[in-house]
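These entries record what I looked up in the structure, taken sheet by sheet and then helix by helix. The ligand surroundings come last.

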Amino acid sequence: MIELKQVSKIYQTGKVELHALHGINFKVSSGDFAVIRGPSGSGKSTLLNILGLLDEPTEGEVELFEKKISFKDFDALAVLRSRAISFVFQSFNLNPVLTLEENVMVPLMIRKDIEKTEKETRITEWIDKVGLSKHRNHLPDELSGGQRQRVAIARAMVTNPQLVIADEPTANLDSVTTKSILETMRELNREKGTAFVFATHDPVLEAFANRTVHLHDGRIES
Ligand SMILES: Nc1ncnc2c1ncn2[C@@H]1O[C@H](COP(=O)(O)OP(=O)(O)O)[C@@H](O)[C@H]1O
Ligand SMILES: [Mg+2]
């Protein structure tokens with residue numbers, strides 16, 4: 001599905017160069033449920049941003065379905081992202097002036113290929129799956145951290161993405177909610193081959209994964 005070849009990332013802040021990733025080779029296939037572990041600063045978020053086509057590597061290549069990605073072609077990149085990949089950010093990135101339901105609707109608004117009734121069904125289903133049916137008209141400010149995280153998950157899932165990338169997706173969830181959301185994800189993973197790549201410290205999440213990648217100082221250790 002997506003492959004990183006000899007990917008390095010150097011952040012330049014003034015005169016200081018920081019090597020966040022060194023020569024990473026990493027492949028995500030349909031049906032993967034991969035977890036990336038590593039201490040703070042080891043490059044997990046940087047790696048996820050590149051996998052999600054949100055950031056460009058300094059060196060190396062990214063291929064999506066065996067086609068080399070050009071990070072210069074912003075429009076093409078936006079289309080690829082909106083069709084194939086969903087991202088759950090550590091900070092949720094919800095729109096504060098939209099209700100829960102409207103936030104979940106956002107990624108479907110530009111999708112002319114999906115019928116209106118189908119969109120409504122998916123939105124209702126996912127709000128229900130993350131247990132927020134009673135809060136659909138609430139604004140993000142009126143929700144707890146864990147509830148906002150669940151909105152971000154529902155928003156990521158309504159497009160039926162082929163790849164879901166999430167940075168610490170269960171950090172603010174209680175263990176019951178974590179388990180129920182992960183079970184739904186695993187079902188999708190098995191039935192539709194949806195690939196999941198998560199950065200996490202959560203051992204519960206790791207138990208759901210079929211692959212764990214250990215990052216250390218920007219290198220894959222194992
Ligand atoms: N935008 C940025 N500018 C400069 N340095 C950055 C930036 N983002 C991350 N870094 C640095 O890159 C390294 C890897 O960071 P990150 O990918 O966020 O690691 P993790 O998610 O594992 O904590 C860290 O040393 C971090 O300080
Ligand atoms: Mg991080």
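Which residue in β4 stands opposite Glu 3? I found that it is Glu 63. I note at the outset that this is a predicted model.

**Entry 1: the antiparallel sheet**

Strand β1 pairs with strand β4 (residues 59-64) in the antiparallel sense, over 5 bridges.

I then turned to the pairing of β1 with β2. These two strands run antiparallel and are joined by 9 bridges. Within that pair, Ile 10 has His 19 in β2 as its bridge partner. The hairpin of β1 and β2 has 2 residues between the strands, and I recorded that Gly 14 takes a positive phi near 60 degrees there.

For the sheet as a whole, I read the order β2-β1-β4-β5, an open arrangement of 4 strands with antiparallel pairing. The edges are β2 and β5 (67-68); each has a single partner strand, so one side of each lacks a neighbour in the sheet.

I also checked which helix lies across these strands. Helix α1 lies across β1, β2 and β4, and its direction is at about 125 degrees to β1.

**Entry 2: the mixed sheet**

I looked up the other sheet next. It is open, with 6 strands in the order β6-β7-β8-β3-β9-β10, and its pairing is mixed. At the edges stand β6 (85-88) and β10 (219-220), each with a single partner strand, so each has one side left without a neighbour in the sheet.

In what sense do β3 and β9 pair, parallel or antiparallel? I found that strand β3 (residues 33-37) and strand β9 (residues 211-216) pair in the parallel sense, over 4 bridges. In this pair, Val 35 stands opposite Thr 212 of β9.

Helix α5 (residues 145-157) lies across β6 and β7 (163-167), and I noted that α5 runs at about 175 degrees to β6.

**Entry 3: packing of α3 with α5**

I describe two packed helices by the angle between their axes and the distance between the axes. For α3 and α5, the angle is about 30 degrees and the axes are 7 Å apart. Since angles under 35 degrees count as roughly parallel, α3 is therefore roughly parallel to α5. The crossing of these two helices is right-handed. I listed the contact residues as Leu 100, Asn 103, Val 104, Val 106 and Pro 107 of α3, with Val 151, Ala 154 and Arg 155 of α5. Sorted by class, this contact of α3 with α5 has 6 nonpolar, 1 polar and 1 charged residues.

**Entry 4: packing of α3 with α4**

I repeated the look-up for the other partner of α3. Helix α3 (residues 100-109) packs with helix α4 (residues 116-129) at an angle of about 130 degrees, with axes 10 Å apart. The two helices are therefore oblique to each other. I recorded that α3 passes α4 in a right-handed crossing. On the α3 side, the contact is made by Leu 100, Glu 101, Val 104, Met 105 and Leu 108; on the α4 side, by Lys 119, Ile 123, Trp 126 and Ile 127. By class, the contact of α3 with α4 has 7 nonpolar, no polar and 2 charged residues.

Which residues are around ligand 1? I listed Tyr 11, Thr 13, Leu 18, Ala 20, Gly 38, Ser 40, Gly 41, Ser 42, Gly 43, Lys 44, Ser 45 and Thr 46. The elements that give two or more residues to this shell are β1 (2-13), β2 (16-28) and α1 (44-51). The largest share comes from α1, with 3 residues. By class, I recorded that the shell around ligand 1 divides into 3 nonpolar, 8 polar and 1 charged residues.

Definitions and conventions:
Residues are numbered from 1 along each chain as its sequence is written. Chains are lettered from A and ligands numbered from 1 in the order in which they are written. This is a predicted model: local features need pLDDT of at least 70, side-chain atom pairs count only at pLDDT 80 or more; totals for chains, interfaces and linings use all residues. Axes are lines fitted to C-alpha atoms, for helices over the stretch in contact, and angles run from 0 to 180 degrees between N-to-C directions. Angles under 35 degrees count as roughly parallel, over 145 as roughly antiparallel, 65 to 115 as roughly perpendicular and the rest as oblique. A crossing is left-handed if the near helix is turned anticlockwise from the far one by less than a right angle, and right-handed if clockwise. Two residues are in contact if their C-beta atoms, placed from the backbone, lie within 7 Å. Ala, Val, Leu, Ile, Met, Phe, Trp, Tyr, Cys and Pro count as nonpolar, Asp, Glu, Lys and Arg as charged, and the others, Gly among them, as polar. A residue is near a molecule or strand if its C-beta atom, placed from the backbone, lies within 6 Å of it. Two strands pair if DSSP finds at least two bridges between them.
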